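Hi,

Here is the structure I said I would pass on.

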Amino acid sequence: MKNNIYIGGILMISLFLFQCKQTSNTGFGKVEVISPDDNQISPKKVSLGKKLFFDNRLSVNNEVSCASCHLPELAFTDGKIVSEGVEGRKTERNSPSLLNAGFLPTVMFDAHLPNLEQQVIVPIQEHVEMDMNMVDLIEKLRLIDEYQSAAKEIFNREFDAYVLTRAISAFERTLISMNSPFDQYFYEGNETAINESQKRGWKLFSEKLYCTQCHPAPHFTTYQAINNGLYADYSADEGRFRIHHDSTDIGKFKVPSLRNIEITAPYMHDGSFKSLKQVIKHYQVGGNQHINKDNRIVPFDITEQQEIDLLNFLVSLTDTSYMTEYR
Ligand code: HEC
Ligand code: HEC
């Protein structure tokens, strides 16, 4: 009950969020991260959000932080098929990368949450993740001097759910990774940033095959919820169907970005593919037959060399320059 009132409060607050733009410079050029009007980024806010993101005390047994499932060195994923929360309880899905999360028009695999602020409360309260009641958590965190005084200084209020969700989201909006060798080649004209095989792979990806229909540059996703024929039977996880119970949504998941794909294995919403080779095989045979499978996914032939080129191209999307903050 307490939770429902709290979530109601968050929804009310979100009604008053207006979007505004904020630019930052990357090797990719100028990119715009959209921050809500009431949550502009400041260095102090980001630093508070970062501390909270890495703080195990956000979980009921003081053992799980956001970073337990979103590790910086793995592009903020965890390398597991599905994640493990308090007491080793397993999540249903594979942990997505949080790099470039500031660009997400909708959040989660079901593409249903409108902003990062609202997402923060989900893992905190989820039984298999941090299993913390929000009201109890705020009481707990208010006792920590550092958090209480930062809340007063930055937000001019006591530490509360508003401060918690805003600070963590502000931190997430700074996680930008847009300076891969591919960016240096494609956007900056540096012909030697990627090799010949990677150039051929990009041509295949964007011209011969149909990958850019759903994974176009610069974000390598359209952010739409799509059924890519992963299964003929989605009863284990029906995807976006959960949100509106509309049967045309069965098996639809938000298209993931392919940035840093080299270091975010295993793949798909359920981590069912261990390698990129397996992913390519999936598309090569045209996926499995499902009534909602997107009709752009059709079988294709590629040679062994073309497969190598495609894999090499995908590796050119790795940019770990964000890691300077975490070493
Ligand atoms: C126990 C592991 C676990 C913990 C702890 C956890 N996450 Fe996640 N996170 C996941 C999984 C799994 C998903 C995918 C859920 C889905 O989409 O249904 C996810 C999804 C997300 C997304 C959506 C990304 C996208 O592309 O839509 C964001 C943002 C996020 N988490 C941030 C956080 C923050 C902030 C915290 C801490 C408050 C946190 N996570 C704690 C496992 C975890
Ligand atoms: C019609 C849209 C569509 C097309 C075309 C498409 N994909 Fe995807 N792709 C998706 C969706 C949706 C997912 C996530 C499915 C899931 O999680 O169940 C995905 C997932 C992936 C993943 C795993 C990402 C991750 O983080 O887990 C890779 C890699 C990938 N696609 C590569 C490709 C390649 C290579 C091509 C071209 C051969 C391609 N895709 C064509 C929609 C598409």
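Below is what I found on salt bridges and their surroundings.

One thing to keep in mind: this is a predicted model. It holds 23 salt bridges, and I picked out a few to walk you through.

Start with Arg 93, which pairs with Asp 110; their closest N and O atoms are 3.1 Å apart. This pair links distant parts of the chain: Arg 93 and Asp 110 are 17 residues apart, and each sits in the loop between α3 (66–69) and α4 (116–125). Both Arg 93 and Asp 110 are buried.

Next comes Arg 240, in a salt bridge with Asp 249, where the closest N and O atoms are 3.8 Å apart. Here too, both partners are buried: Arg 240 and Asp 249. There is also a network to look at, in which salt bridges with shared partners join Glu 92, Arg 93, Asp 110, Asp 237 and Arg 242.

Lys 203 and Glu 207 form a salt bridge at 3.3 Å, N to O. Both are in helix α9 (residues 196–208), and because they are four residues apart there, about one helical turn separates them.

Cheers

Note on methods: Residues numbered from 1 in each chain as written. Chains lettered and ligands numbered in written order. Predicted model: local features only at pLDDT ≥ 70, side-chain atom pairs only at ≥ 80, totals over all residues. Heavy atoms only, no water. Salt bridge = Lys/Arg side-chain N within 4 Å of Asp/Glu carboxyl O. Helix = DSSP H or I, 4+ residues; strand = E, 2+ residues; numbered from the N terminus. Buried < 20%, exposed > 50% of the residue type's maximum accessible area, 1.4 Å probe, protein only.
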